[in-house]
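The sequence and the structure come first.

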Amino acid sequence: MKKIIAICLLVTMCLLDAKAQSSTVVNNEVINTIMARRSVRKYLDKPVEHEKLEAVVRCGINAPSGMNRQPWAIRVVENKELIDKVTEVFKAKNSDMVNHDPNFKNMFRNAPNIICVCTPANGGGEIDAGLLGENMMLAAQSLGLGTCCLGGPVRFIKTDPGAQFFLDRLDIPEDYQLNYIIAIGYPDEQPEAKPRDESKVKYIR
């Protein structure tokens, strides 16, 4: 009987320990931040404080990179006039798109600030830059900020001659090119999470 009681106690303790570990994972601050992050496409008309932008970028450049090469160049645009000026060029070439959005303010999802990520023009660095960007977006989420990774504005800026002044202002190294832009600001929406396909995951044991 004593042996049975001991076994029951051991099983109970194991179950309680497993439950405690599961609770720890669920209540983990980093995991909660990851699960709460959404792509935000509506922002308040409120610039992000410089100190918060600095913190976000510092988290970005602390991302891992192959051989610690850090193959990126980051440009944080806090200049509203510059954002408005390149937006005017965009509006002139995309009037239909702009007119269909009654809330249109700028070409970066109306975000008050943007972070431009550049990588080597001859290729390479894209994976490292992706790690950098995810670090920044998660850091922003933890600070109550919203973000959205943008590709459309990059294509426009790189191909339209009228937007060359914007690239000039970024002062990108000669052997680098603009890869993607992160819109960042205080969110004016709370998007629901979209479904994730867990069937794409397999555990090999």
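E88 and K91 are three residues apart in helix α4, so about one helical turn separates the two. Their side chains meet in a salt bridge, with an N to O distance of 3.4 Å. E88 counts as partly exposed, because its relative accessibility is 47%. K91 is also partly exposed, at 30% relative accessibility. The model is a predicted one.

**Salt bridges**

The structure holds three salt bridges.

| Salt bridge | N to O distance |
|---|---|
| K80 and D84 | 2.6 Å |
| E88 and K91 | 3.4 Å |
| K93 and D160 | 2.8 Å |

K93 counts as exposed at 52% relative accessibility, whereas D160 counts as buried at 11%. K80 and D84 both lie in helix α4, four residues apart, which is about one turn of the helix. K80 is exposed, with a relative accessibility of 54%, and D84 is partly exposed, with 27%.

**Chain overview**

The protein chain has eight helices and four strands. From the N terminus on, the order of the elements is α-α-α-β-α-α-β-α-β-α-α-β. The chain has 205 residues, of which 35% count as buried. Among the contacts with a separation of 6 or more, 82% are between residues 24 or more positions apart.

**Aromatic rings and charges over rings**

The count of aromatic pairs comes to three. In one of them, F90 and F156, the ring centres are 5.2 Å apart and the planes stand at 80 degrees; planes over 60 degrees apart count as edge-to-face, so this pair is edge-to-face. The pair links distant parts of the chain, with F90 in helix α4 (residues 80-93) and F156 in helix α7 (residues 152-159), 66 residues apart. Both F90 and F156 are buried. Together with F104, these two residues form one aromatic cluster.

F104 is also one of the residues that T87 touches; the others are K105, N106 and M107, leaving aside residues up to four places away in sequence. T87 is found in helix α4. Its relative accessible area is 1%, so T87 is buried.

Two lysines lie over aromatic rings. The charged end of K46 sits over the ring of Y186, 4.2 Å from its centre. K85 lies over the face of F165, at 4.8 Å from the ring centre.

Helix α2 covers residues 29-36 and includes M35. On the surface, V30, I31, I34 and M35 form a nonpolar patch with about 370 Å² of accessible area together. M35 is exposed, since its relative accessible area is 57%.

T33 is in helix α2 as well, but T33 counts as buried at 17% relative accessibility. Leaving aside residues up to four places away in sequence, T33 touches L138, Q141 and S142.

R41 lies in the loop between α2 and α3 (50-61). R41 is partly exposed, with a relative accessible area of 38%. Beyond residues up to four places away in sequence, R41 touches R109, C148 and E189. The C-alpha atoms of R41 and C148 are separated by 6.7 Å, while the two residues are 107 residues apart along the chain.

**Positive phi angles**

Most residues other than glycine have a negative phi. Which phi does N110 have? N110 is not a glycine, yet its phi is positive, at about 70 degrees. N110 is found in the loop between α5 (95-99) and β2 (113-120). It counts as buried, at 16% relative accessibility.

D171 is not a glycine either, and its phi is positive at about 55 degrees. D171 lies in the loop between α8 (164-170) and β4 (176-185). At 57% relative accessibility, D171 counts as exposed.

Notes:
Residues numbered from 1 in each chain as written. Heavy atoms only, no water. Patch = residues over 30% accessible without salt bridge, like charges linked within 9 Å, V, L, I, M, F, W, Y side chains within 5 Å. Areas by Shrake-Rupley, 256 points an atom, 1.4 Å probe, with all protein chains shown as cover. Salt bridge = Lys/Arg side-chain N within 4 Å of Asp/Glu carboxyl O. Buried < 20%, exposed > 50% of the residue type's maximum accessible area, 1.4 Å probe, protein only. Phe/Tyr/Trp six-rings, centres within 6.5 Å; stacked < 30°, edge-to-face > 60°. Lys NZ or Arg CZ within 6 Å of the ring centre and 35° of its normal. Contact = heavy atoms within 4.5 Å.
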